[in-house]
Amino acid sequence: MSEQFPALLITVPLISAFFITALGWRSAKPAYPIALLALASALFSSMGLFGEVLKHGKVSYRLGGWPPPFGIEYAVDALNAFVLVVISFVALINLIAAKRKVDGSFSGKSPAFYALYVMFVSGLLGITVTGDVFNLYVLLEITALTGYALIGMGDKHAPLAGFNYLIMGTIGASFYLLGVGYLYLATGSLNMGNLSEIIPTIQSKQTIIFAFIFCLLGLFIKMALFPLHNWLPNAYSYSPPAASGLIAPLTTKVMIYVMIRLVYSVFTPAFSFGHPILPTVFIWLAIIAIVMGSLLALAQKNLLKILSYIIVAEVGYMVGGFWLGNSDGMTGAILHIANDALMTLCLFLVAGNFIFVLKNDRLESFKGLIHKMPLTMAAFIIGALSIIGVPPTCGFFSKWYLIKGGIEAGQYGFVAALLFSSLVNVILFFKIIEITYFEPETKDGHSLHHHVAIPREEAPLSMLIPLAITTLLLIGVGLYSKEIVTGIIQHVLPTI
Amino acid sequence: MEGIESIRPLLAVAVSILAVPLIMLSSRKPNLREGWTFLAAGLKFLIVLSLLPLILDGGSYTLTIVQVLPGLGIKLRVDSFGILFALVSSSLWIVTSAYSIGYMRGLKEHSQTRYFCFFALSLSATIGVAFSANLLTLYLFYEMLSLATYPLVTHHQDAEARKSGRKYLAYIVGSSIGLVLPAMLAIYYLTGTLDFSYQGLFTGTESPLVILLLLLLMIFGFAKAGIMPFHSWLPAAMVAPTPVSALLHAVAVVKVGVFCIVRVVTGVFGVQFLQTLQLGTVLCYIAAFTIITASLIALAQDNLKARLAFSTVGQLSYIVLGVALLSPLGITGGMLHIAMHAFGKITLFFCAGAIFVATGFKNISQLNGIGRKMPFTMGAFFVGSMSVIGVPPGGGFISKWFLVLGTIESDQWIMLVVLLVSSILNAAYFLPIVYRAFFHPPGETGISTGMEEAPSFCLIPLMFTAFCSIVLLFFPQPFYSLAEQSVRMITQGW
Amino acid sequence: MVWQFDVIILTLVIVCGIGALAVKDLIGAAILFSAYSFLMCLLWAIMGAVDVAFTEASVGAGVSTVLFVAAVFQTRRRSKD
Amino acid sequence: MKKTGLIMVIVTGILLIAGTTEFPDWADPNSPASSHVSPYYILKAIDDTAVPNVVSAVLADYRGYDTMFETAVIFAAGLACFFLLRQFNRKRAKTKMYRHVPTGIIIDIDEGGKLPEENSNFERIDSQWTPYDLIIKTTCRIIIPFIQVFALYVIIHGHHSPGGGFQGGVILGATIILFAISHDLRTTIKRLSEKMASVFSSMGVFLFAATGMLCLLLGSVYLDYSALSDLLGTDPVMARSHGILIIEIGVGLSVMAVMIWLYYNLSSAGKHNEGL
Amino acid sequence: MEEITALLVSRYNYWAFIVLMMVGLYGMIAKNNLVKKIIGMNIFQTAIILFYVSIGAKKDATIPIIEHGHHGEEVVIKAVDYINPLPHVLMLTAIVVSVATLGVALALAIRVYRQYNTLEENEIKSQLSEE
C-alpha cells in the first residue's frame with residue numbers, strides 16, 4: 001500500500017471525478033461526499049508519502065514499470081512531499097467550506113463543479129509529484145483548463161476574466177512547452193533526474209540558457225510575476241468564492257514550487273545561479289513585483305481585489321527570496337510557499353464568509369462587520385497579522401528568513417521592498433479593520449452615542465470550522481517553524 | 001549564569017490572557033466580570049511577587065516556551081530589571097482596574113466587556129515584554145501590545161478616535177516594522193544571536209557607523225518611548241478613556257517603549273561597548289532635545305490630558321537620558337524613574353479622569369477654584385505633580401537625584417543643565433494648575449461650592465497612588481535594590 | 001523529400017495564418033484557419049510525423065473548424081479587426 | 001494594446017531567433033534529440049510491447065501516463081464547456097414551430113396546444129428560415145456508417161498503422177457532428193443524449209484509469225500492463241499489447257463522446273435547441 | 001550571401017516556426033476580437049508543434065512504424081532508419097490539449113458575448129468603464 005502512494009495520490013481524485021460526473025446525471029447528492037472522500041484520501045496518501053520520505057529519503061515511482069528516462073517517473077523528496085501535504089490540506093479544507101457556497105449556485109450543475117474541483121486538485125498534485133518535464137506540462141494544462149472553467153462561472157465579469165486568464169495561461173504554458181522543446185533538442189531527454197545529469201556536461205550551450213529563459217518566462221506568466229500579472233486580479237476576484245479559495249492559495253504557489261524544482265532538479269543550481277545576470281534580474285523583477293503589488297493593492301476598493309494584489313506581491317517575495325541564492329533566502333521562499341498558502345486560504349475563506357452573508361465584497365459594505373460576524377473577523381485579523389508578518393503567526397517567520405537572506409546577499413533593495421510591503425499591508429488591513437470596527441457613522445462624522453446593537457449574522461458552521469482550523473494553523477505553523485525548517489527544508493536545499 | 005527553569009514567568013504572562021475568555025463569557029454580569037479582572041490582576045501581582053525573593057538573591061528564572069527557529073526561541077527570562085518593571089505594571093493594574101470600574105460605570109461607557117478584555121491582553125503583553133529573554137520575544141510582545149491597545153485607544157469609535165487610532169498604529173506599528181525589524185535582523189545576522197546579555201552581543205569588529213545606525217533604528221523604532229519626532233501619537237492617543245490613558249499611556253505602553261530601549265542599550269549593545277564607541281552622547285542629545293521641547297510644548301497646552309501627555313513625552317526621555325549617560329548612577333536613576341514616574345503620572349491621570357467624571361471638564365482654564373470642590377483629588381494632583389517635577393514629597397525626587405548624580409559622574413555638564421532647566425519647566429506647567437484650582441475664585445464656569453468628589457471607585461485609587469508616591473520617597477524598596485542590582489550586573493563586565 | 005515543396009508549403013502556412021488573423025469575417029477566418037491546419041498537416045506528413053499529421057487533419061482541420069463555426073454562429077460573424 | 005503587443009512580439013521574436021543559433025542542423029540524425037532516448041523506443045518497442053507503430057507504443061505504454069492525463073484534459077474540456085454553457089431551460093418557448101417534412105409547411109403551436117405526434121413527418125424548428133435539404137441529409141446518412149467503420153478501424157489498427165484511439169475517436173465524434181449538421185441538434189440528441197455523451201466520456205477515461213488501477217491491484221505499479229498477463233492468459237509482452245488496445249478503446253470512447261458533448265454545447269450555446 | 005542562404009535553407013523550419021509564433025502571439029495580444037485571439041492562440045500552439053516535429057525529423061529515415069513487424073522475420077532494426085517518435089508522441093498530447101483549450105476558450109467567449117453582447121475587447125472595456 002505505502003509504496004503505491006504516489007500513484008494513488010493522483011489517480012483516486014481523478015477517478016472520483018469520473019464517478020461524480022457519471023452519477024451527477026442521476027442525482028447531485030453523492031457528488032459532494034465523493035469529492036470529500038477523494039480529497040481526504042489524497043490528504044492521507046500525501047501524509048503517508050511524506051512520512052515515507054522523511055523515513056527513507058527519496059521515493060521514486062516508475063509509472064508503467066519503465067525505468068527513467070524511458071518512462072515517466074515520479075520522484076518524491078521532502079520538498080515535493082511537503083508541498084503535497086499543503087496542497088491536499090488546503091484543497092480539503094476549502095472543499096468543506098465550499099459546500100454551502102455551492103448549494104444554490106451553478107443552477108443544477110454542482111456535480112460538474114465538484115468534478116472540476118477534484119480534477120484541479122489532482123492536476124496540482126501531479127505537477128508537484130512528477131519527475132518528468134513534459135508530464136508536468138500536461139498536468140499544468142489540466143489544472144489550467146479546470147481553473148478557467150471554475151473561474152468563468154463566477155459573477156458577471158468572470159467570463160471575461162477567465163478568458164483573459166486562458167489567453168495568458170496558454171501563452172505561459174506554451175512558453176514552458178517551448179522551453180521543454182529546447183531542452184529536449186539539446187539533451188534528448190525529458191526526465192528531470194536524467195536532465196540534471198546531462199546539463200552540467202553541456203552547460204555552456206546557448207540552447208540550454210534559452211530553454212531556461214523560456215521555461216521561466218512561462219512560469220512567470222503562470223505565477224503572475226509583476227509585469228505579467230494582469231490576468232490574476234480579475235480572475236481571482238470575480239471567480240465564485242468556492243473556487244477562489246482553492247485557486248488563489250494554490251496556483252501561484254505551485255508555480256513557484258515548479259520554478260524551484262526546475263532549478264534544483266533540472267537545470268541544477270550551479271548552472272542557474274552561475275549565470276552572471278539572470279538571478280539579479282529576477283531579484284529586481286521580484287522587488288518591482290513586491291512594490292507594485294502593494295501599491296496597486298492600496299488602490300483597490302474590493303476585498304478580493306486587495307487580496308489578489310497581495311498575492312502578486314507575495315509572489316515577488318518568493319521569487320526574490322529564492323533567487324537570492326543563499327540558504328536563508330531559499331528557506332524563506334520554501335517556507336513561504338506553505339505559509340502563504342495557509343494565509344491566503346484563511347483570507348479567502350474569510351472573504352467567502354463575507355460574501356456569503358453580505359453578497360458582495362466592497363469595502364464600504366463592511367461597516368459594523370466586527371459586531372455582525374465577530375468570529376470571522378477574528379480569523380481575518382489573525383490572517384492579516386500573518387500577512388503583515390507579526391509574530392507568532394507564520395508569516396513572520398518566512399519573512400524573517402527572507403529578510404535575513406536579503407541582508408546576507410547584500411540585496412538591500414529586496415529587504416527594503418519587503419519592509420515596504422509589510423507597512424503597506426498594515427495600512428491596507430487596518431483600513432479594512434477600521435471600517436468594520438467603527439460603526440456606521442452619521443453624516444456629520446460623529447457616531448451616535450447610543451450604540452445601536454447590530455444583530456449577529458455569522459456564516460454557517462460548515463464555513464466557520466474550516467476557517468477556525470486554518471486560523472489556528474497559522475499560529476501553530478508559526479510556532480513550529482523550526483521543525484519545518486530543520487526537519488524538511490534543510491534537507492532539500494542544495495549546496496551551492 | 002543560568003537561571004532556574006520555571007513555569008512561573010509564563011504563568012505571570014498568561015494569567016490575564018486566561019482571564020479573557022472568562023471576562024467575555026460573563027459579559028452579561030458586570031460584577032462577575034470585574035471580579036475576574038480583579039482575580040487575574042491579583043494573581044498576576046502575587047506571581048510576580050513570588051518571583052521577587054530569588055531575584056533579590058541574585059538568581060533568575062528562565063523558560064523556553066517554544067523554539068521557533070533554529071537557535072532562536074520564544075524565551076522568557078526574569079531578571080532584576082524585568083521584575084522591577086513587572087512589579088510596577090502589575091501592581092498598577094490592580095489599582096487601574098478599580099479605577100476603571102468607577103470611571104466606566106460612572107460615564108456609562110459602551111462595550112465595557114471589550115474594554116476589560118483588551119485591558120487584560122495589554123497587561124499580558126506588558127509583562128511579556130518585561131520578562132523577554134531575547135529580542136525576538138520582546139518584539140513579539142511589543143507588537144501584541146500595540147495591537148491589543150488599539151481597541152482601547154479607539155474605544156469611543158467616533159471620528160476623532162478613528163483619526164487618533166490611525167495615527168497611533170501608523171507610528172507604533174510602522175516604526176516597529178520599518179525600523180526595529182530590520183535592525184533586529186541585522187543584529188541577528190551580525191552576531192548570530194538575539195539573547196540579551198549585559199556584555200553586549202557585538203564583538204567589536206563591526207564598524208561604528210553600522211552600530212550607530214542600528215542604535216538609532218532601535219531608539220526611534222520603539223516609538224512607544226515617544227522620542228521626538230516619533231512622539232506625536234501620544235497626545236493623539238489621549239482620546240482614549242482616562243483609565244486607558246492612565247495605565248497604558250503613562251505606565252504600560254510608554255514604559256514598555258523605554259523599557260525596550262533600556263533593554264536594547266544595556267542588553268544588546270552593552271553599556272561598555274557603547275562607551276568605547278562614545279555613542280552615548282548622541283543618545284543624550286536626542287533625549288535632551290526631546291525633554292526640553294516636550295516641556296515647552298506642554299506649557300502651551302490647555303487640555304489637561306494633552307499637557308500630561310507632553311509631560312510624559314518629556315519624562316520618558318529622562319529615562320532614556322539616564323541610560324544614555326552610560327554611568328552606573330545614571331542608569332540607576334533611569335530605572336528608578338520608570339517606577340517613580342509611573343506612580344506620579346498615574347496619579348495625575350487619575351485626577352484628570354476624576355475631574356472629568358465629576359464635572360465634565362477637560363481644559364485647564366475651566367479648573368478655576370475646583371480645589372474647593374474636589375479637595376482630595378486636587379491634593380493628590382499636587383502630590384503627583386511634585387513627584388513628576390522631582391521635589392519632595394514626591395518619589396520622583398530620588399530618581400531625579402540619581403540622574404543628576406549620573407550627569408556629574410559622566411561629566412556631562414550640559415545634561416545637568418538640561419535636567420535643571422526641564423525641572424523648572426515642569427514646575428512651570430504643573431504648579432499653575434494647582435494654584436488655579438485652590439486659589440482662583442471660581443469664575444463664570446459655574447462650579448458650585450461644596451464638595452462634589454468623583455465616585456469612590458475613582459477616588460480611592462488615586463489617593464492610593466498619591467500615597468504610594470510619597471511612601472516611595474522614604475521607602476524606595478524594592479525598586480531601588482532591584483535597580484542597583486541590575487546596574488551591578490551591567491557593570492560587572494567592566 | 002524535396003525542400004522546395006517544404007518552403008512553398010511553409011510560405012502558404014504563414015500566409016494562411018496571417019490571413020486568418022486579418023480577415024474581418026470570422027467564418028472566413030475559421031475556414032482560413034482550417035486551411036492553415038490542413039497545410040500544416042501536409043507539412044508534418046512530409047516530415048514523417050504521420051500520427052501527428054493524422055491527428056491534426058482530424059482535429060485541426062476538422063473538429064476545430066466546426067467548433068469555431070459553431071461558436072461564431074452563436075455570437076457575431078463580423079469582427080472589427 | 002496594438003503597440004505593446006507589437007513590442008512584445010518583437011522581443012519574443014528576437015529571443016527566439018537568438019535561441020536558434022546553436023541548434024543542430026535540421027534533421028541531423030546525430031543530434032542529441034535523436035540519439036539519447038528515442039533510439040531505445042525504436043529498438044525495443046517490438047520486443048517490449050509487440051507494437052510495430054512506435055508512436056502508439058510510446059503513447060500508450062512508455063508514456064501512457066501522459067496519455068491518461070491527455071484524455072483527462074479532453075474530458076475536463078467537455079465538462080468545462082458543459083459547466084460554463086449549459087442552461088437547463090426553465091422557461092419554455094411560448095410558441096413552438098413544427099415543420100411538416102413532406103410538404104415543408106410550418107405550423108405554429110401556441111402554449112397549451114396539442115403537439116403533433118412523434119413521427120418522422122414533423123420536426124421541431126426554432127426559426128422560420130431553418131433550411132431543409134433532402135440531398136444532404138440522405139447523403140450523410142449513407143456515408144456516416146462508412147466513416148464510422150473507418151474510425152473503428154483506425155482505433156483497432158492503431159498498433160500497426162498510423163492512428164489510434166485519439167484519431168479514431170475524433171473521427172467517430174465527427175460522424176455524429178456531421179449527422180447533427182446535416183439534420184439538426186434535436187434529432188441528434190434524441191439519438192445520443194447529452195447524458196449518454198457525458199457518461200461515455202467519463203467511462204472512457206475511467207476505462208483507462210481503471211486499467212492502470214487494476215495493474216496496481218494485481219501487485220505491479222500503476223499502468224504496468226504486463227501485470228495483466230495472468231488475467232488475459234498471455235505472456236507479459238502480449239499483455240502489454242492488449243493493454244494498449246484496451247486503453248486505446250477507452251481513449252477513443254472518451255474522445256468521441258467529448259467531441260460530441262463539446263459540439264452540443266457550443267453549437268447551441270448550451271440551450272440544446274436546433275443548433276447550427 | 002551564400003552562407004546566409006545556406007543558413008536560411010538549412011533551418012527554414014525553425015524560421016517558419018518563429019514567424020508563426022510571432023504571428024500567433026500578436027493575434028493573442030493585439031487583436032480585440034475574442035475569436036481572433038483564439039485563432040491566434042491556436043496558431044501559436046501549432047507553431048510550437050511544428051517546432052517539435054522539426055526536432056524529430058531525421059534525414060533519410062522513414063516513419064516510425066517498424067517495417068518487419070508485419071511479417072515477423074528477423075531483421076536488425078537500426079535507429080537511424082526511423083524518425084524519432086518521441087516528439088510525435090508529445091505533440092499528439094499537445095494537439096489534444098490545444099483542442100481542449102479551444103473548446104473551453106470558445107465556451108468562455110460565448111459567455112462573454114452573452115454578458116456584453118459583443119466580442120470586441122475594446123468595446124467591452126468601454127462598457128465596463130461606463131458602469
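How many residues of chain C are in contact with chain D, and how many residues of chain D are in contact with chain C? In this predicted model, 14 residues of chain C meet 17 residues of chain D. On the chain C side of this contact, nine residues are nonpolar, four are polar and one is charged.

Chain D itself contains 11 helices and three strands. Read from the N terminus, its elements follow the order α-α-α-α-α-β-β-β-α-α-α-α-α-α. For the 276 residues of chain D the globule rule gives 19 Å, whereas the radius of gyration is 25 Å, well over that value; chain D is therefore more spread out than a compact globule. The C-alpha trace of chain D extends over about 70 × 65 × 35 Å along its principal axes. Of the contacts in chain D with a sequence separation of 6 or more, 67% are formed by residues 24 or more positions apart.

Chain B comprises 19 helices and three strands. Its radius of gyration is 21 Å, which agrees with the value near 23 Å that a compact globule of 494 residues would have. Along the principal axes, the C-alpha atoms of chain B occupy a box of roughly 70 × 55 × 45 Å. Buried residues make up 62% of the 494 residues of chain B. Where contacts in chain B join residues at least 6 apart in sequence, 82% of them link residues at least 24 apart.

The packing of two helices was examined in chain A. Two packed helices are described by the angle between their axes and the distance between the axes. Helix α2 of chain A spans residues 31-56 and helix α4 of chain A spans residues 110-129; their axes come within 9 Å and cross at roughly 10°. Because angles under 35 degrees count as roughly parallel, α2(A) is roughly parallel to α4(A). From α2(A), the contact involves Ala31(A), Tyr32(A), Ala35(A), Ala38(A), Leu39(A) and Ala42(A). The residues contributed by α4(A) are Ser110(A), Pro111(A), Tyr114(A), Tyr117(A), Val118(A), Val121(A) and Leu125(A). By residue class, the contact of α2(A) with α4(A) consists of 12 nonpolar residues and one polar residue, with no charged residue.

Technical notes
Residues are numbered from 1 along each chain as its sequence is written. Chains are lettered from A and ligands numbered from 1 in the order in which they are written. This is a predicted model: local features need pLDDT of at least 70, side-chain atom pairs count only at pLDDT 80 or more; totals for chains, interfaces and linings use all residues. Helices (H or I, at least four residues) and strands (E, at least two) are DSSP runs, numbered from the N terminus. The radius of gyration is taken over C-alpha atoms; the globule rule is 2.2 Å times the number of residues to the power 0.38. Two residues are in contact if their C-beta atoms, placed from the backbone, lie within 7 Å. Ala, Val, Leu, Ile, Met, Phe, Trp, Tyr, Cys and Pro count as nonpolar, Asp, Glu, Lys and Arg as charged, and the others, Gly among them, as polar. A residue is buried if 20 or more other C-beta atoms lie within 10 Å of its own, exposed if 12 or fewer, and partly exposed in between; C-beta atoms are placed from the backbone. Axes are lines fitted to C-alpha atoms, for helices over the stretch in contact, and angles run from 0 to 180 degrees between N-to-C directions. Angles under 35 degrees count as roughly parallel, over 145 as roughly antiparallel, 65 to 115 as roughly perpendicular and the rest as oblique.
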